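Thanks, everyone. Let me put the structure up, and then we'll walk through it.

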Amino acid sequence: MVKIFLALLSTTSLTGAWAQAPKEITLSQKTVAELVLKQGPKTLEVNLKYQQFRLAPVQALSVYDWKVTAETGFEYDKSASLLTTTSQNNNKYERYKTTVNLQKPFTTGTLLGLELSRLSQKVDLDAFTTNPPPSQQTLDSAGLILEQSLLGNFFGVADRGNVNAAELTYQANNIARANELEDVVLEAIRQFWNTYVAQENFRESVNSRDRYKKLVDAVKRKTSLGYSNPGDLPQVQAEFETREQRVKSSSTEYLKNVENLLTLLALEPGTEVKFEIPKDIPPVPKLTEKKVEDLRLVRSQKLRVEAAQEALSASESLSYPTLNFVGKVYTTGVDESSENSYSELVSGTRPKYYAGLKFQYNFGSDVQNETVINRKLTKDLESTRLQRQLMETQDLESQAQRKVQSTYAIAQSSQRQREFRDKASQELNRSYTQGRTDISILITALNNYFDSEVQYIRAVGDYAIALNEWAAARDELIPDDVPSEGYQK
């Protein structure tokens, strides 16, 4: 029984250890870009931020929604009037009134309206009333209203300007969203390469410490045999301690970079990362010239300039006094019976027409002129930003290309330098073993070789980052329309 219990306990312990084993993931540049776009917290922040901009164009169009208003109520009236004598103050009226209005504004500066109303009245008259009206009547009315802007928002110039400005701004923000997501991807790729470089630096620190440990053992043997020079062993032991220190610092740096990478990609803490890195240094690609006008930053800014121009046109139109044409057509029907009243309404035998002009002029604060000045300044500001971005984006692309060429040359040179340093350290190690080289020269050679290893890894990482920065400068790192979780156009 005890054996069975111990066996079960052992099995349970193994199962728990297996469940707690760290997860593994293999990352390449492509998988890093896909993960950060799919689940990265910064990607979600960008998408949520630009989701908020969807409201502005909807608000601009909401002014032109259909508007329905309905009112119904009961009125009891026994009030006095100048038309009644003191002996006729006992007249009582009971009225039921229902009114329905339907209005629809258009971006042509036009307002169409439809009005339907019914008034039902019951009268309890004083006995002394002469020529009494019927005790019960119904009045039906139907009207069509047309209002057209003639001055100030002339045929909807301001309306269309405000709607177009909101839509153009939204389009500009959509383009800017892709650019911000590209920056997020670029940051993740930089962190990917920095983590890989930190890992290789840590491995190289361990390797250099192990090589110095072997050298310390070799010098100890020479010292015990009396073949070493005075001070050889302490020098090597001191360098070994230096490598111990570098192992500790490089380990800390590597762990920090791994944690930052896992956070950027929203991966579970403690996940073991394996890197998929090309073995050879890829050559500098030959790319066709990219027009500055086609870049996202420039296209977005052009839309902002257009939006500012539309807003300026709208404010200039609204700075004039308002002059609207108003036309109304009504038909009515009245009878003691509601059915007969409605029939008379439909027949159109009691029409009513109205045509006129409505004028409105606001004065005192001079806000209209100040609004025009403000919109003009905004338009000039956006135009100035466009000119600056045209120059800066061209400079950025050229600088990114030169950086790629420079880092590629440095990576190749670092590769050759590493080979030369390795060869020199091997030859000096044999020479020291033979007693023909001072230990300080060997130490210097070894340190130079270890430094060249680190420099080569860093140079490869810098070249890879520069390639991605060049692609980002050309808007080729990610497509314009990037679908992502939590974002809908």
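Start with contacts. Take those in the protein with a separation of 6 or more: 81% of them join residues 24 or more positions apart. Keep in mind that this is a predicted model.

Now the secondary structure. We have ten helices and eight strands. Along the principal axes, the C-alpha atoms fill a box of roughly 145 × 80 × 40 Å.

Next, the surface. Buried residues are 37% of the 489. On charge, there are 59 positive and 63 negative, and their mean positions sit 6 Å apart.

On to the aromatics. The structure holds twelve aromatic pairs. One of them is tyrosine 50 with phenylalanine 53. Their ring centres are 5.2 Å apart and the planes meet at 70°, so this pair is edge-to-face. Tyrosine 50 is buried, at 6% relative accessible area. Phenylalanine 53 is partly exposed, at 30%.

Here is another pair: tyrosine 196 and phenylalanine 275. The centres are 5.7 Å apart and the planes are at 65°, so that is edge-to-face too. What does this pair tie together? Tyrosine 196 lies in helix α5 and phenylalanine 275 in strand β6, so the pair links parts 79 residues apart in sequence. Tyrosine 196 counts as buried at 17%, and phenylalanine 275 counts as buried at 15%.

Last point. Tyr196 and Phe275 form one aromatic cluster with Phe192 and Trp193.

Terms used: Residues are numbered from 1 along each chain as its sequence is written. This is a predicted model: local features need pLDDT of at least 70, side-chain atom pairs count only at pLDDT 80 or more; totals for chains, interfaces and linings use all residues. Side-chain values use heavy atoms; hydrogens and water are left out. Helices (H or I, at least four residues) and strands (E, at least two) are DSSP runs, numbered from the N terminus. Buried means under 20% relative accessible area, exposed over 50%, partly exposed in between (1.4 Å probe, protein chains only). Contact means heavy atoms within 4.5 Å. Lys and Arg count as positive and Asp and Glu as negative; His and the chain ends are not counted. The place of a charge is taken as NZ of Lys, CZ of Arg, CG of Asp or CD of Glu. Rings of Phe, Tyr and Trp (its six-membered ring) pair if their centres lie within 6.5 Å; planes under 30 degrees apart count as stacked, over 60 as edge-to-face and the rest as tilted.
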